[in-house]
Amino acid sequence: MVQPAVQPPEVMPSMYGPTPRTCRPADLPGMVSVGVTELFPEIQKGYRQGEGVEETCQTTRDALAAVNMERIRPEDTVNILCSEHGFYILEGLHYREMLKALGDVVREKTGCENIRYRVASGVGVREADEVVDYFGLKDYLNGEVTTTHPFDKPLPIETEIGTLYGLARIYDADWIIHAPHDEPRDLYFHRMMNRCLKAFAMNYARYETRAAFHGTFSNRAANFLQKAIFDSPLVQDKFAFSCILRSTPDGIIGTDADNDMYRLDRRISRELLRDYGKVLRLVAEIDECIAVWDAGRWGYYIHSGGIAFGCLENGKYDAFDLTVPSAYGLHDMVAKYFSGEMKTFDRIMNINPAIKAVVINQAWPGLPISDVPRHVPTVVVGRDQADMLNLDSTNPEFMNHAVIADSLETAMEFAGKVAGTDKVIAFDGSFGNITASPSMAEDLVRRAPAVSRRVDEELLPMWLKQRGIDPEEA
Amino acid sequence: MKIVRFMSRVDPEKCNGDKRCEKLCPSGAIKVVDKIAVVQQDRCVACGKCSEVCREDAVQMVRRIQPLTLAFDMESVDPEKIQALCAQAGLLPDLPLCACTGTTVGEIAAAIIDGAKSPEDVVVGTGAGSGCGIYCMAVIFKLFDCAGVQIPKDPRWNSLPLTSHDISEEIAKKYPAYHFDSLT
């Protein structure tokens, strides 16, 4: 069950992060890996990095076989909407393959040649451009490839709750095909409500809409924004179908597609609640740990066993349980303020107290993450990573609260002394395995059977019922 | 509050005057004059977007000799007016709404009461919006709207003063799963 540490996916070089590290947590003496499907044998096995890319082409074709594309005429224009996040799942090649196969099938079934790919970025202005270059998308994909970002030209979208703002480049075609990935990422925000539609209020939206999602709506209400945009006449007139790269915490399991967005969302949500729910609740059981960030993304979004660090950080709440008042966030604090429990507001994120130290071997600045060093001893590896954090306008005080180590080895040694634990979990971009110290791995193995039983018998039925999802719906 | 330790510097030899930087600058610090970008140092909040977007690599972030402090003096504004504006917006004045700088709702309300006319003024006056430039902007739009200040038209922003409190009773009843009317 516990094996020598498995090498994580490679890190894409980026202007947003330090030079990819040659020493990673999996390289440290004594580190091990514990397999996701060994912890939870019932979770569907998936492809890891370097596996199953060609099969993704076939599973995409299979998924699209039943999709109706009759409304797309040869003379029409079609935008395939891509999320650059998809390129950071494993090494991004499965997502690229799905996109290629999708475009090819649309061309074959409709005779339409005017197929364009729109790659939307997460936060930064140049993120998507980097992805296009690194993955050679302009050569690999058969169609024009263009990028867009949150500050790009807006498109007002009239919705049931008023005008919201999308990105003009996303919608500048007769038809749109929604082609994201299903990995749940920041589920403490979306809480698996309209998960598969979220890109309409995020990747495909201008920053004003994203700001409302995060800033002025509680985290259940916010998930209405993507529904409002998707249901708008503008989007409904253009929406052809959706094609989604499927995953479990073990890796990539294929592709699903449907003309009915809500049916697809229910189908995928049911499986995500089951598969990710188990690993999520297991991670939430961790009582003490040193967390290591080690991949080419923002710390919150770096995976370990398919679970993003943000899920550990917010792990003291069950974000899937919709009865938990505002699993995390601004409105949680407002409630505490009104009740008198909290006199002042000194933090946005509620850090899981099980996190005793954080080591940053490599990660992107660019999102506000200063709550981490303010509340948890934090060690930054390398002057280049520290310089990037110093320069980062979203974390202007980060390095006032963190220390620098010259190497990952010395950082881990220091963190161990400060944290008083030898339990280490590495967020290194892995699916399929959790890279950990032996004591952490043993702890996860010991806890997994009870977590599995509780999810199957108690939590999953509750999560599904709260969302009105039929466990048997096809 | 934000202590700004860096600022943008333009290499005029590399700048092609394409205005990509100007179109993204949240504080109006960088403007293209005679086809060359020029930085007004006392307005540069070091968000770095100009450097990020420049395809000519013409904008570098350099350390300031004297750091610039972005903060609003709350004592200069009647606290009752701050409370009233925040209440109208349905927001608590102590809430640190800007995750990047910790700027509170009350500071932004105070800056608007004190005469801020645009998001740009709020960015320079309080520090809010000088980081990611995304997450706190909805609150800024909401406070301007409640103060009755019409922000000038500008391609950098579209006022979206929408909060969950603004959702109509009809919509809330139609979609009860979203809990518009509660804190959950």
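This is a predicted model: local features need pLDDT of at least 70, side-chain atom pairs count only at pLDDT 80 or more; totals for chains, interfaces and linings use all residues.

Entry 1. What is the order of the strands in the open sheet of chain A? I looked it up, and the 8 strands run β1-β2-β18-β17-β11-β14-β15-β16, with mixed pairing.

Entry 2. Next I checked the edges. β1 (2-4) and β16 (403-405) of chain A each have a single partner strand, so one side of each has no neighbour in the sheet. I also noted the twist, which averages 30° from one strand to the next.

Entry 3. I picked one pair out of the sheet, β11 (residues 289-298) and β17 (residues 424-427) of chain A. They pair in the parallel sense, over 4 bridges. Which residue of β17(A) does W293(A) stand opposite? I found F427(A) there.

Entry 4. Helix α16 of chain A, residues 438-466, does, and it touches β1, β2 (32-35), β11, β17 and β18 (433-436) of chain A. The direction of α16(A) makes about 15° with that of β2(A).

Entry 5. Over to chain B, where I looked up I113(B). This residue lies in helix α4 of chain B, residues 105-113. Is I113(B) buried, partly exposed or exposed? Its relative accessibility is 31%, so I113(B) counts as partly exposed, because that class falls between 20% and 50%.

Entry 6. Who does I113(B) touch? Leaving out residues up to four places away in sequence, I listed V77(B), K81(B), I82(B) and L85(B). I also checked D78(B): 35 residues separate D78(B) and I113(B) along the chain, and their C-alpha atoms are 9.0 Å apart.

Note on methods. Residues are numbered from 1 along each chain as its sequence is written. Chains are lettered from A and ligands numbered from 1 in the order in which they are written. Side-chain values use heavy atoms; hydrogens and water are left out. Two strands pair if DSSP finds at least two bridges between them. Helices (H or I, at least four residues) and strands (E, at least two) are DSSP runs, numbered from the N terminus. Axes are lines fitted to C-alpha atoms, for helices over the stretch in contact, and angles run from 0 to 180 degrees between N-to-C directions. Contact means heavy atoms within 4.5 Å. Buried means under 20% relative accessible area, exposed over 50%, partly exposed in between (1.4 Å probe, protein chains only).
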